[in-house]
Amino acid sequence: MASHIGKLPVTIPAGVEVAIEGQNFSAKGAKGSDSYVIPEGITAQVEGNEIILTAADDLRPTRAKHGLSRSIIASMVKGVHDGFEKRLLIVGTGYRAVAKGKGIEFSLGYSHTITVNPPEGITFELPNANEVVVKGTDKQVVGQVAANVRKLRAPEPYKGKGIKYADERILRKAGKAGK
């Protein structure tokens, strides 16, 4: 019984170059390049325009690494070809974001502004003052940077003010009961 995810092939889109040297995997595309060290017990080979990963044995830890490796490689290939993005919405009166060089300066109701500079490989876009788009080739880093930005002022449950993901639904609470 092999890993269900691990045995699925990863399709290589046009314009993406893939190199496998021993346990080192690297992908290069229009959006950038990325590399990954495949764990022991997992082998990868390119067949046509697909990457096939195989496990050395059928032990539980190997099956887990098999599925994990396949998912990471698939995300890398998608990242260097299309890239990843997370949309954040800023909700609240007077809450806004302003581009400051490569970074963003947030006004979130505190007595001071907060400036966030992107790490290497990440870019910020501001379609308007109440929307921030985090873009990059590494799915994990894009998600982490978006989570860090959201953490600056997480949405509160009474009025829904704060920074939220575009597809996030805030569970609202009733306010104080009046007489």
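# Exercises on a predicted protein chain

Lys-65 lies in helix H1, which covers residues 60–81. The model examined here is a predicted one.

## Exercise 1. The surroundings of Lys-65

Task: Determine how exposed Lys-65 is and which residues it is in contact with, leaving aside its neighbours within four places in sequence.

Solution. 
- Step 1. The relative accessibility of Lys-65 is 37%.
- Step 2. A residue is buried under 20% and exposed over 50%, and partly exposed in between. Lys-65 therefore counts as partly exposed.
- Step 3. Once its neighbours within four places in sequence are set aside, Lys-65 is in contact with Pro-39, Glu-40 and Ile-42.

## Exercise 2. The overall form of the chain

Task: Describe the secondary structure of the protein chain, and decide whether the chain is more spread out or less spread out than a compact globule.

Solution. 
- Step 1. The protein chain contains 2 helices and 13 strands.
- Step 2. Its radius of gyration is 21 Å, whereas the globule rule gives 16 Å for 179 residues. The computed value is well over that of the rule, so the chain is more spread out than a compact globule.
- Step 3. Along the principal axes, the C-alpha atoms fill a box of roughly 65 × 45 × 25 Å.
- Step 4. Of the 179 residues, 35% are buried.
- Step 5. The accessible surface of the chain is about 10,800 Å², and carbon and sulfur atoms contribute 52% of it.
- Step 6. Among contacts with a separation of 6 or more, 51% are between residues 24 or more positions apart.

## Exercise 3. Charges and salt bridges

Task: State how many positive and negative side chains the protein chain has, and examine the salt bridges of Arg-87 with Glu-131, Lys-100 with Glu-105, and Glu-125 with Lys-135.

Solution. 
- Step 1. The chain has 26 positive and 18 negative side chains, and the centres of these two sets are 15 Å apart.
- Step 2. Side chains of opposite charge can pair when their charged atoms come close. The structure holds 6 salt bridges.
- Step 3. In the pair Arg-87 and Glu-131, the closest N and O atoms are 2.7 Å apart. Arg-87 is partly exposed at 35% relative accessible area, while Glu-131 is buried at 16%.
- Step 4. Lys-100 and Glu-105 form a salt bridge with their closest N and O atoms 3.0 Å apart. Lys-100 is partly exposed, with a relative accessible area of 44%, and Glu-105 is buried at 19%.
- Step 5. Glu-125 and Lys-135 meet in a salt bridge at 3.2 Å, N to O. Since Glu-125 lies in strand E11 (residues 122–128) and Lys-135 in strand E12, the pair ties together parts that are 10 residues apart in sequence. Glu-125 is partly exposed at 37%, and Lys-135 is partly exposed at 27%.
- Step 6. Shared partners join Glu-85, Arg-87, Glu-125, Glu-131 and Lys-135 into one network of salt bridges.

## Exercise 4. Thr-137, Val-98 and Arg-169

Task: Locate Thr-137, Val-98 and Arg-169, and classify each as buried, partly exposed or exposed.

Solution. 
- Step 1. Thr-137 is in the loop between E12 and helix H2 (139–151). Its relative accessibility is 17%, so Thr-137 counts as buried.
- Step 2. Neighbours within four places aside, Thr-137 is in contact with Lys-31, Gly-32, Gly-79, Phe-84 and Gly-121.
- Step 3. Val-98 is in strand E8 (residues 96–100). With 41% relative accessibility, Val-98 counts as partly exposed.
- Step 4. Not counting residues up to four places away in sequence, Val-98 touches Gly-103, Ile-104, Glu-105 and Leu-126. Lys-31 is 67 residues from Val-98 in sequence and 25 Å from it in space, C-alpha to C-alpha.
- Step 5. Arg-169 is in the segment after strand E13 (162–165). Its relative accessibility is 70%, so Arg-169 counts as exposed.
- Step 6. Arg-169 and Ala-99 are 70 residues apart in sequence, and their C-alpha atoms are 26 Å apart in space.

How values were computed:
Residues numbered from 1 in each chain as written. Predicted model: local features only at pLDDT ≥ 70, side-chain atom pairs only at ≥ 80, totals over all residues. Heavy atoms only, no water. Helix = DSSP H or I, 4+ residues; strand = E, 2+ residues; numbered from the N terminus. Rg over C-alpha atoms; globule rule 2.2 N^0.38 Å. Buried < 20%, exposed > 50% of the residue type's maximum accessible area, 1.4 Å probe, protein only. Contact = heavy atoms within 4.5 Å. Areas by Shrake-Rupley, 256 points an atom, 1.4 Å probe, with all protein chains shown as cover. Lys, Arg positive; Asp, Glu negative; His and termini not counted. Charge placed at Lys NZ, Arg CZ, Asp CG, Glu CD. Salt bridge = Lys/Arg side-chain N within 4 Å of Asp/Glu carboxyl O.
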